[in-house]
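Please examine the sequence and the structure shown below. The explanation that follows begins with a single residue and then widens to the elements around it.

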Amino acid sequence: MLRARAWLSYSQNMIRRQPVSATADHAEERTNPAARLGFQPGQVVQEIGYDDDVDQELRKAIEGIIEADLVDEDYDDVADAVVLWFRDDDGDLTDVLVDATTYIEEGGAILLLTPKTGRSGYVEPSDISEAATTAGLTASKSVSVGKDWSGSRLATPKAAKSKR
């Protein structure tokens, strides 16, 4: 009987110590940049501008959240979101953003990733804001997504309206 009570007490303590899923989800959002940026399981995410300098940890984190590989520039269907790696010498940012909007579903988002201040290929925030506005996108604030990269989530018009 004493053993049964001890086991019951032990079992109840173990049950109480199980993490609550909402808390675990919030913790992941704080620590995983891909979760913070709004990626969801099952999304098709197209990657544009891949090169040797991209942040592999961020790529893996996004693939972990969406539970699939990122699709490349040759993907021939529409995606839910686009990850766009862009450096100052990659051409005209406005043109690249306009092209990227053709790859995503209406209401989708573009995660624009640019090198951080002081890194090769750095893009001025004012250039990002101007290009996004010209391309018909709404820019959010810039966030650090890795050691060398900053990210801006750019929403298409329908996505911007649904946030209001």
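Thr-114 has its place in strand E3; here helices (H or I, at least four residues) and strands (E, at least two) are DSSP runs, numbered from the N terminus. The model is a predicted one, in which local features need pLDDT of at least 70, side-chain atom pairs count only at pLDDT 80 or more, and totals for chains, interfaces and linings use all residues. Residues are numbered from 1 along each chain as its sequence is written, and side-chain values use heavy atoms, with hydrogens and water left out.

Thr-114 is buried, with a relative accessible area of 5%; buried means under 20% relative accessible area, exposed over 50%, and partly exposed in between (1.4 Å probe, protein chains only). Leaving aside residues up to four places away in sequence, Thr-114 touches Phe-86, Val-123, Ile-128, Asp-148, Trp-149 and Ser-150, where contact means heavy atoms within 4.5 Å.

The sheet to which E3 belongs is open and has 5 strands in the order E1-E2-E3-E5-E4, with mixed pairing. Strand E1 (45-48) and strand E4 (138-144) stand at the edges with a single partner strand each, so one side of each has no neighbour in the sheet. On average, neighbouring strands of this sheet are turned by 20° against each other, direction ignored; axes are lines fitted to C-alpha atoms, for helices over the stretch in contact, and angles run from 0 to 180 degrees between N-to-C directions.

Two strands pair if DSSP finds at least two bridges between them. E3 (residues 104-115) and E5 (residues 149-155) pair in the antiparallel sense over 7 bridges, and Leu-111 has Arg-153 in E5 as its bridge partner. E1 and E2, by contrast, pair in the parallel sense over 4 bridges, with Ile-48 opposite Leu-84 in E2.

Helices lie across these strands. Helix H4 (residues 56-66) lies across E1, E2 (79-85) and E3, at about 175° to E2. Helix H5 (residues 93-101) lies across E1, E2, E3 and E5, at about 145° to E3. In E2, 6 of the 7 residues are buried.

The lining of the largest pocket divides into 6 nonpolar, 7 polar and 1 charged residues; Ala, Val, Leu, Ile, Met, Phe, Trp, Tyr, Cys and Pro count as nonpolar, Asp, Glu, Lys and Arg as charged, and the others, Gly among them, as polar. A pocket is an open set of points on a 1 Å grid over the protein atoms alone, where a 1.4 Å probe fits, with protein on both sides within 12 Å along at least five of seven lines; lining residues have an atom within 4 Å of a point.
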